Amino acid sequence: MITEYQDAAICVKFHLEREKNPHKFNSRMKNKLWYFEYATSETFAASCKNLHENIEIICDGVALDLAKGPHLQGIALLNIPYTHGGSNLWGEHLSQKRIRKGAGPFRKKLRSSDKELSSTSFNSVDLSVAIQDIGDRLIEVIGLENCLHMGQVRTGLRASGRRLAQCSEIIIKTKKTFPMQIDGEPWMQMPCTIKITHKNQVPMLMAPRSAKGRGFFNMLCS
């Protein structure tokens with residue numbers, strides 16, 4: 001589940017133009033070119049700049065200080081590890097990165113390149129070491145500085161977005177009309193108050209990792 005502003009602004013432009021002129025969006029390549037054009041124009045226009053002046057986000061009863069640190073133009077709410085075709089906006093757990101790189105034991109002192117994972121702590125929890133788990137009933141709140149920030153995370157140039165909170169209840173209060181999207185469905189939202197909480201969970205079956213690649217359908221697809 002995703003709710004964003006600057007990225008949603010791009011999606012809104014793309015969606016409206018596609019409905020108005022469907023013949024311009026009749027191939028994957030054309031769609032990518034149009035999306036790139038809208039993303040470029042939005043980067044320069046920065047229609048969602050100074051986001052902190054027109055929005056308030058309350059996580060588990062605590063209001064986030066969005067004015068602290070670099071100004072944000074986008075907010076993402078996630079309960080899944082990946083979005084936008086494979087972008088991990090929350091970022092990996094630092095100890096997991098060091099284990100994969102063959103590093104030694106986890107160190108309490110963070111490297112300068114890892115400090116961007118969290119520019120603030122929430123409810124006395126160090127978000128730089130917080131683990132994202134799809135089954136923990138928590139929602140990750142992530143800030144994005146601009147469109148380039150999202151692209152840098154996607155290409156690995158930056159570790160993550162700005163971790164703002166990890167909580168079970170979120171209240172969003174807006175003072176003006178903002179573009180929003182949920183699972184890729186964009187719209188323009190009038191000033192409102194939005195409350196988001198975890199609803200339920202559904203058990204899913206998953207084959208053991210050792211059996212991966214042994215199934216009949218896997219052999220057909222290989």
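Gln166 is buried, with a relative accessible area of 17%, where buried denotes under 20% relative accessible area, exposed over 50% and partly exposed the range in between (1.4 Å probe, protein chains only). The model is predicted, so that local features require a pLDDT of at least 70 and side-chain atom pairs count only at pLDDT 80 or more, whereas totals for chains, interfaces and linings use all residues. Residues are numbered from 1 along each chain as its sequence is written, and side-chain values use heavy atoms, with hydrogens and water left out.

Gln166 belongs to strand E5; helices (H or I, at least four residues) and strands (E, at least two) are DSSP runs numbered from the N terminus. The side chain of Gln166 forms a polar contact of 2.8 Å with the side chain of Glu140.

An open sheet of three strands, with antiparallel pairing, has the order E3-E4-E5; two strands pair if DSSP finds at least two bridges between them. Strands E3 (74–78) and E5 (162–167) stand at the edges with a single partner strand each, so one side of each is left without a neighbour in the sheet. On average, neighbouring strands of this sheet are turned by 20° against each other, direction ignored. Five bridges pair E3 with strand E4 (residues 139–144) in the antiparallel sense, and Ala76 has Ile142 in E4 as its bridge partner.

Two aromatic pairs are present in the structure. Rings of Phe, Tyr and Trp (its six-membered ring) pair if their centres lie within 6.5 Å, with planes under 30 degrees apart counted as stacked, over 60 as edge-to-face and the rest as tilted. The ring centres of Phe14 and Phe25 are 5.1 Å apart and the planes stand at 80°, so the pair is edge-to-face. Because Phe14 lies in helix H1 (residues 6–20) and Phe25 in the loop between H1 and helix H2 (28–45), the pair ties together parts that are eleven residues apart in sequence. Both Phe14 and Phe25 are buried, and Phe14, Phe25 and Trp34 form one aromatic cluster.

The mean pLDDT (the predictor's confidence in each residue, from 0 to 100) of the protein is 76, and 73% of its residues reach 70 or more.

How values were computed:
Axes are lines fitted to C-alpha atoms, for helices over the stretch in contact, and angles run from 0 to 180 degrees between N-to-C directions. A polar contact is a pair of N or O atoms within 3.5 Å; within protein, one must be able to donate a hydrogen and the other to accept it, and residues adjacent in sequence count only if both atoms are side-chain atoms.
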